[in-house]
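Please look over the fold below before reading on. The paragraphs that follow walk through it piece by piece.

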Amino acid sequence: MEQIILLCLVSTFLSAVHAQVNIHGTAILTTTRIIDGTTSLREGDIAVSSGRRSKVCFARSCLWNKSVDGHVYVAYRLSPDYSEMETKLIKKGMESVEKGTCVRFVPWTHQRDYVDIQPKSGCWSYLGARGGRQTVSLQSPDCLRVGVISHEFMHALGFVHEQSRFDRDNYVTIMWPNIWRDRLRNFEKFKTDSLDLPYDYGSIMHFGMYAYSQDGQPTIIPKNNQNSKDIRLGKGSALSRIDKMKINKLYKCGGKDDY
């Protein structure tokens with residue numbers, strides 16, 4: 001089976017602004033306005049540059065560097081605009097990614113590559129390591145939930161949405177008539193690399209069942225199987241077991257018992 005792996009794809013951006021149920025199942029203002037003059041959003045929360053840094057990243061060209069001690073250290077700088085409680089929530093999101101993986105978030109000191117966490121408009125991140133400073137936006141209060149925070153850090157590590165994988169139609173049905181017309185591109189499929197891991201309904205990277213619904217009806221429905229009634233899409237507050245396996249396999253970190 002194919003699995004979601006890092007794939008930094010250059011894309012055109014969507015242009016409308018709506019109060020919608022977003023990928024996390026939360027009704028917030030979502031926008032694809034230009035972020036820094038050359039950057040827009042795709043799939044609701046993946047920042048894409050159209051300028052000189054718009055390279056297409058395949059395989060391991062967008063991975064964070066792995067240290068000689070076997071860990072992947074991701075430096076971060078946290079905006080002083082966050083309150084003490086908000087800072088604690090963000091760190092809990094980091095801890096969710098760290099637990100059972102080789103990833104470690106460390107405060108930025110002098111590192112060339114780092115994530116700059118800011119309370120900008122919406123919840124979004126660039127995909128994979130871009131080189132230098134890269135923003136992760138965690139708007140307050142809408143994005144300050146542990147599951148949302150972990151989701152955006154997974155993007156920063158190089159993972160796209162679970163239902164974007166090429167074989168997703170074997171596992172879910174996309175209800176196209178129920179989706180906002182200007183959000184249809186958020187449900188595109190991509191042929192991604194394979195980690196030989198199964199489709200993960202419980203992934204922190206999976207859209208919710210009502211993501212971008214225009215009429216309150218489901219936009220993603222699990223395929224009929226004996227466990228379909230028990231499947232809850234996009235409801236994870238922490239990384240799934242398979243999410244952790246993705247990280248360790250992509251970064252060649254070995255088994256989770258090592259961490």
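Helices α1 and α2 are oblique to each other, a class that covers whatever is left once angles under 35 degrees count as roughly parallel, over 145 as roughly antiparallel and 65 to 115 as roughly perpendicular. This is a predicted model, in which local features need pLDDT of at least 70, side-chain atom pairs count only at pLDDT 80 or more, and totals for chains, interfaces and linings use all residues. Residues are numbered from 1 along each chain as its sequence is written, and side-chain values use heavy atoms, with hydrogens and water left out.

Start with the helix pair. α1 spans residues 84–98 and α2 spans residues 146–157. They pack at an angle of about 55°, and their axes lie 8 Å apart. Axes here are lines fitted to C-alpha atoms, for helices over the stretch in contact, and angles run from 0 to 180 degrees between N-to-C directions. Helices (H or I, at least four residues) and strands (E, at least two) are DSSP runs, numbered from the N terminus. The crossing of α1 over α2 is right-handed, meaning that the near helix is turned clockwise from the far one by less than a right angle.

Which residues of α1 and α2 make the contact? On α1 they are Leu89, Ile90, Lys92, Gly93, Met94, Ser96 and Val97. On α2 they are Val146, Ile149, Ser150, Phe153 and Leu157. Contact means heavy atoms within 4.5 Å. By class, the contact of α1 with α2 has 8 nonpolar, 3 polar and 1 charged residues. Ala, Val, Leu, Ile, Met, Phe, Trp, Tyr, Cys and Pro count as nonpolar, Asp, Glu, Lys and Arg as charged, and the others, Gly among them, as polar.

Now the sheet. Strands pair if DSSP finds at least two bridges between them.

Take β4 (residues 46–49) next. Strand β3 (residues 39–42) runs antiparallel to β4, and 4 bridges join them. Arg42 has Ile46 as its bridge partner. The two strands form a hairpin with 3 residues between them, and Glu43 in the turn has a positive phi of about 50°. On the other pairing, 2 bridges join β4 to the parallel strand β8 (residues 123–126). There Ala47 stands opposite Tyr126.

Are the faces of β4 buried or exposed? Both are covered: Ile46 and Val48 on one side, and Ala47 and Ser49 on the other, are all buried. Buried means under 20% relative accessible area, exposed over 50%, and partly exposed in between (1.4 Å probe, protein chains only). In a regular strand, side chains alternate between the two faces of the sheet.

Further along the sheet, β5 (residues 72–78) runs parallel to β7 (residues 114–118), with 4 bridges. Leu78 pairs with Ile117 in β7. Asp116 also sits in β7. Asp116 is buried, at 4% relative accessible area. Not counting residues up to four places away in sequence, Asp116 touches Arg77, Arg133, Gln134, Thr135 and Val136.
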